Amino acid sequence: MWTPKAGLQGVFSLRELIVAEPGDLVDSMMAHSVVSVTPDTEQVDVARLAARYNLLAVPVVDADGRLLGFVTADDAIDAVIPTS
């Protein structure tokens, strides 16, 4: 029986999902080394991470590594370079 692990285990791109074979396991597509931030990370730091790693979104996790949500690169960059 499968037992879920606590915390964010990895990420994969939509492209990887689309080109995967029907029987491929998600684990085989995932990057297990995940760039993430916590809720108290400054927006400018999130923007820097998104730019450095060319991410479309940065996962936000709690102290136990549980996924709380995502900050999109657009939102992070808007915090640094306002568009108004």
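Biologist: Val 35: buried, partly exposed or exposed?
Modeller: Val 35 is partly exposed, because its relative accessible area is 24%. Buried means under 20% relative accessible area, exposed means over 50%, and partly exposed is in between (1.4 Å probe, protein chains only).

Biologist: What sort of model is this?
Modeller: This is a predicted model, where local features need pLDDT of at least 70, side-chain atom pairs count only at pLDDT 80 or more, and totals for chains, interfaces and linings use all residues. Residues are numbered from 1 along each chain as its sequence is written, and side-chain values use heavy atoms, with hydrogens and water left out.

Biologist: OK, back to Val 35. Where does it lie?
Modeller: Val 35 lies in the loop between helix H2 (26-29) and H3. Helices (H or I, at least four residues) and strands (E, at least two) are DSSP runs, numbered from the N terminus.

Biologist: And which residues does Val 35 touch?
Modeller: Leaving out residues up to four places away in sequence, Val 35 touches Leu 49, Tyr 53, Leu 55, Val 58 and Pro 59. Contact here means heavy atoms within 4.5 Å.

Biologist: What separates the C-alpha atoms of Val 35 and Ala 51?
Modeller: Those C-alpha atoms are separated by 12 Å, and the two residues are 16 residues apart along the chain.

Biologist: Let's zoom out. How many helices and strands does the protein have?
Modeller: Four helices and two strands. Along the sequence the pattern reads α-α-α-β-β-α. The C-alpha atoms fill a box of roughly 50 × 30 × 20 Å, taken along the principal axes.

Biologist: What share of the residues is buried?
Modeller: Buried residues make up 19% of the 84 residues. As for contacts with a separation of 6 or more, 28% of them are between residues 24 or more positions apart.

Biologist: Now the helices. At what angle do H3 and H4 pack?
Modeller: Helix H3 (residues 43-52) and helix H4 (residues 73-80) pack at about 125°, with their axes 8 Å apart. Axes are lines fitted to C-alpha atoms, for helices over the stretch in contact, and angles run from 0 to 180 degrees between N-to-C directions.

Biologist: What do you call that orientation of H3 and H4?
Modeller: H3 and H4 are therefore oblique to each other. Angles under 35 degrees count as roughly parallel, over 145 as roughly antiparallel, 65 to 115 as roughly perpendicular, and the rest as oblique.

Biologist: Which residues meet there?
Modeller: From H3, Gln 43, Val 44, Val 46, Ala 47 and Ala 50 meet Ala 73, Ala 76, Ile 77, Ala 79 and Val 80 in H4. By class, the contact of H3 with H4 has nine nonpolar, one polar and no charged residues. Ala, Val, Leu, Ile, Met, Phe, Trp, Tyr, Cys and Pro count as nonpolar, Asp, Glu, Lys and Arg as charged, and the others, Gly among them, as polar.

Biologist: Switching topic, how many salt bridges are there?
Modeller: Three. A salt bridge is a side-chain nitrogen of Lys or Arg within 4 Å of a carboxyl oxygen of Asp or Glu. One of them joins the side chains of Arg 48 and Asp 45 (3.1 Å, N to O). Both residues lie in helix H3, three residues apart, about one turn of the helix.

Biologist: What does Arg 66 pair with?
Modeller: Arg 66 meets Asp 62 at 3.0 Å, N to O, and Asp 64 at 3.1 Å, N to O. Shared partners join Asp 62, Asp 64 and Arg 66 into one network.

Biologist: Asp 62, buried or exposed?
Modeller: Asp 62 counts as buried, because its relative accessibility is 19%. Asp 64 is exposed at 52%, and Arg 66 is partly exposed at 44%.
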